[in-house]
Amino acid sequence: MKAPASVPTPGSAAKPPEPRWLTDEEQRVWRSFMEGVTLLDDHLDRQLQRDAGMPHVYYGLLVKLAEAPRRRLRMTELAMLAKITRSRLSHAIARLEKNGWVRREDCPDDKRGQFAVLTDEGLEVLRQTAPGHVEAVRQAVFDRLTPEQQKSLGEIMRIVAEGLQPAEAGADLPWLR
C-alpha cells in the first residue's frame, strides 16, 4: 500500500502544501481595504493632532474612560477594550497623565493593579474635540456609503474582529502581551 502524498515516506522530505494564493479579485479587495484603512487612520490622526494635539489611539482611550462607570477602568481592561498592548497603553497613559487628562490610581484590592481615571480636564478636552472628530469620521466614511453599505461594513468588520479574538487560553492578543 502506497502512503498518501501528504505523508512523507521514510528518507524523503515532506513538501509543504501550496499556499492558498489570493485570486485577482481577492487581491484587489485586500489592497483596497489596506489602502482605505491606512488613509483613514492617517486622516483621523491628522484631524486629532490638529484639533487636540493627540493621536487617534489616545482619543479612543479617553472615549473608553468617559463611557466607563465613574470614568475609570483597570489598565488591563482598558488595554483589552482599546485592542493595544499593555506596554503601548502604559506609554499612552503616561502621556495623557502629563497633559492632566488622566490619572492613575492603585487598585485597593489588588496591589499590582491600577486604574486609569479620566480627569475633569480630560473630559473637557474630549467634549471640545468630539464634534470635529465625529465630523471627520462622518465625512470620511458614513457620508460616502449608502445605509446598506454601512450595515454590510459593520457586519463584515464584526466577523473579522470576532475571528481574530479566539476565546481559547493562550491566544496571542495584543492586550495579553
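The largest share of the lining of the second largest pocket, four residues, comes from α4 (86-98). Here a pocket is an open set of points on a 1 Å grid over the protein atoms alone, where a 1.4 Å probe fits and protein lies on both sides within 12 Å along at least five of seven lines. Lining residues have an atom within 4 Å of a point. Helices (H or I, at least four residues) and strands (E, at least two) are DSSP runs, numbered from the N terminus. The model is predicted: local features need pLDDT of at least 70 and side-chain atom pairs count only at pLDDT 80 or more, while totals for chains, interfaces and linings use all residues. Residues are numbered from 1 along each chain as its sequence is written, and side-chain values use heavy atoms, with hydrogens and water left out.

The second largest pocket holds about 160 Å³ of space, a volume being the space filled by probe spheres set on the grid points, which are joined across faces, edges and corners. Besides α4, both α3 (75-82) and β3 (110-118) supply at least two residues each of its lining. Among the lining residues are Arg-74, Met-75, Arg-86, Leu-89, Ser-90, Arg-104 and Gln-114. By type, the lining divides into two nonpolar, five polar and four charged residues. In this division Ala, Val, Leu, Ile, Met, Phe, Trp, Tyr, Cys and Pro count as nonpolar, Asp, Glu, Lys and Arg as charged, and the others, Gly among them, as polar.

One of these lining residues, Arg-104, lies in strand β2. Arg-104 has a relative accessible area of 24% and is therefore partly exposed; the classes are buried under 20%, exposed over 50% and partly exposed in between, with a 1.4 Å probe and protein chains only. Leaving aside residues up to four places away in sequence, Arg-104 touches Met-75, Ser-90, Ile-93, Ala-94, Glu-97, Gln-114 and Phe-115, where contact means heavy atoms within 4.5 Å. Arg-177 is 73 residues from Arg-104 in sequence, and their C-alpha atoms are 20 Å apart.

The strands come next. Two strands pair if DSSP finds at least two bridges between them. Strand β2 (residues 102-107) is joined to β3 by six bridges, and the two run antiparallel. With two residues between them, β2 and β3 form a hairpin. Within this pairing, Arg-103 stands opposite Val-117 and Arg-104 opposite Ala-116. Strand β1 (residues 72-74) also runs antiparallel to β3, through three bridges, and Arg-72 has Val-117 as its bridge partner. In a regular strand the side chains alternate between the two faces of the sheet.

Ile-84 counts as buried because its relative accessibility is 6%. Not counting residues up to four places away in sequence, Ile-84 touches Val-57, Leu-61, Ala-79, Leu-89, Pro-174 and Trp-175. The C-alpha atoms of Ile-84 and Val-57 are separated by 9.0 Å, although the two residues are 27 apart along the chain.

Val-57 and Leu-61 are among the buried residues of α2, which also include Tyr-58, Tyr-59, Leu-62 and Leu-65. The 12 residues of α2 should span 16 Å at 1.5 Å a residue, and the 17 Å between its end C-alpha atoms agrees with this. The expected span is 1.5 Å times one less than the number of residues. For α1, with 29 residues, the distance from the first C-alpha to the last is 42 Å, close to the 42 Å expected. The buried residues of α1 are Leu-44, Gln-47, Leu-48 and Ala-52, and these pack against α2 and α5. Just after α1, Gly-53 takes a positive phi of about 65°.

At least two lining residues come from each of α1 (24-52), α2 (56-67), α3, α5 (120-140) and α6 (147-163). With 10 residues, α1 gives the most. The lining of the largest pocket divides into 28 nonpolar, nine polar and eight charged residues.
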